[in-house]
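Please read each point against the coordinates.

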Amino acid sequence: MTPMTPTATTVVAGVVGHPVRHSKSPILHNAAFQHLGLDWTYVAFEVAEDAGDRIVDAMRTFGLGGLSVTMPFKRPVAESADRVTEAVVRLGVANTLFWDGDEIVADSTDGDGFVLAHNEHFGSTLSGRSVAVIGAGGAARSIIEAAGRAGASDIAVVNRTPSSAGDAAELATVARVADPAAIGDCHVVVNATSVGMTGGPAPDLSPVDSSLLHRGQEVVDIVYQPALTPLLRLAESQGARTANGLGMLIQQAGLQIQRFTGLEPPLAAMSDALRAVV
Ligand code: NAD
C-alpha cells in the first residue's frame, strides 16, 4: 500500500523520548495507519530531558492524535495526565497518552502486550500458572502487574537487588521475592532484564542457568535484538518452548493503536513491517 502524503488535515501521532531516534515505533504505527486507510502519520519527538512535565500540554496544544512515551518521560506524563488507568495507578508510570473526549488519559500497554503476546505465541494463558520474572525494572514491573491481573497463581520475582524485587512484588497479590532456584519450578520464565541484549550490559550472558530450564516450560525473553538471545538458545537446548520480545513489542503497539483510534490493530501488517527491519 502506498503511504498517503501528509496534508493539512493529517492527524499527527508519535513517540516522545530522549533518546528516541532508535525507536521502532514509527514503523509499527505507520504500518497500522496505512493498513487501516487512516490519514494519520506517526513521528519521533526527541525532546529535552527536563521537558517531561510539558508533554501532556504539548499534546493538547498541537492536537496530537496520541503519544507513545518512553524514557525518561514515563513518570512525568503519568503525573500530569488528566486521568490515569488502573494499571498506571499501580505502576506510577505510563507509556501511552490518548484522548477520551476532552481528557488526555495515561495508560500502560507493556504488561498487557506481554500477556497477549504470550497467549498468542504459546496458545495458552497465564491463568493458574506459575511465572518467574527476572528483573525488577520498568518492563518487569509492568509484566508482574499484568500477570497478576491475568490470573497467574504464583509470580516469583528474581532480581539481583532484593529491595527493588520487594517493591515490584507489591504489584500483584500472588507475587513474591524469590531466589534463582525458584525458576526451575515455574511454568513460565520471563527475562525482563537487559541481559543478553545487543549493545546492553551483558550481551553474551543468559540471566538464567541452564540447570533451571527444562521441557514443559515456556521461556520468554523480552529482549528482541538479537532474535535468538543467550537465554533462548539455552532454553531451546533444554527442550523448553521459547519466544523473544518481538511479539510483546507488536502487541503493546497494537493496544496503543486501539487507544488512539478506537479500531482493532492490524497486527499481521504491523508484524510484517517490523520483521522487515529487525
Ligand atoms: P530498566 O532499566 O528499567 O530495567 C533493567 C533491569 O535489568 C533491572 O531490573 C536491572 O537490575 C536489570 N539488569 C541490568 N543489567 C543487569 C545485569 N548485568 N545482571 C542482572 N540484572 C541486570 O529497563 P526496562 O525498561 O525494564 O527494559 C529491560 C529490557 O527489556 C531492555 O532490554 C528493553 O529493551 C526490553 N524491553 C522490551 C520490550 C518489548 O516490547 N519487547 C518492552 C520494554 C522493554
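How do the residues of the shell around the ligand divide into nonpolar, polar and charged?

1. The model under review is predicted. In it, the shell around the ligand comprises eleven nonpolar residues, seven polar ones and one that is charged. There are 19 residues around the ligand in total, and those that come nearest are Ala 136, Gly 138, Ala 139, Ile 222 and Gly 245.

2. For Ala 139, a backbone N or O atom is placed 2.8 Å from a ligand oxygen. A polar backbone atom of Ala 136 stands 3.0 Å from an oxygen atom of the ligand. At Leu 249, the distance from a backbone N or O atom to a ligand oxygen is 3.3 Å.

3. On its own the ligand has 850 Å² of accessible area, of which the protein covers 70%.

4. The largest nonpolar core holds 30 residues. Phe 114, Val 133, Ile 143, Ile 144, Ile 155, Val 157 and Ile 222 are the members that touch the most others. Ile 222 also belongs to the set of residues that come nearest to the ligand. In soluble globular proteins, nonpolar side chains tend to be buried together.

5. Which elements give two or more residues to this core? They are helix 5 (110-122), strand 7 (130-134), helix 6, strand 8 (154-158), helix 7 (162-169) and strand 10 (188-191). Helix 6 gives the most, with five residues.

6. Ile 144 illustrates the packing. Beyond its neighbours within four places in sequence, Ile 144 is in contact with Val 133, Ile 155, Val 157, Ala 168, Leu 171, Ala 172 and Ala 175. A further core of 18 residues lies apart from the largest one, and its members include Ala 13, Leu 28, Ile 250 and Ala 253.

7. Is Asp 154 buried or exposed? Asp 154, a residue of strand 8, has a relative accessible area of 19% and therefore counts as buried, the cut-off being under 20%. Its side chain forms a polar contact of 2.8 Å with the side chain of Arg 176. With neighbours within four places in sequence left aside, the contacts of Asp 154 are Arg 129, Ser 130, Val 131, Val 174 and Arg 176.

Terms used. Residues numbered from 1 in each chain as written. Predicted model: local features only at pLDDT ≥ 70, side-chain atom pairs only at ≥ 80, totals over all residues. Heavy atoms only, no water. Near = heavy atom within 4 Å. Polar contact = N/O pair within 3.5 Å; in protein donor to acceptor, adjacent residues only side chain to side chain. Areas by Shrake-Rupley, 256 points an atom, 1.4 Å probe, with all protein chains shown as cover. Nonpolar A, V, L, I, M, F, W, Y, C, P; charged D, E, K, R; others polar. Core = buried A, V, L, I, M, F, W, Y, C linked by side-chain atoms within 4.5 Å. Buried < 20%, exposed > 50% of the residue type's maximum accessible area, 1.4 Å probe, protein only. Helix = DSSP H or I, 4+ residues; strand = E, 2+ residues; numbered from the N terminus. Contact = heavy atoms within 4.5 Å.
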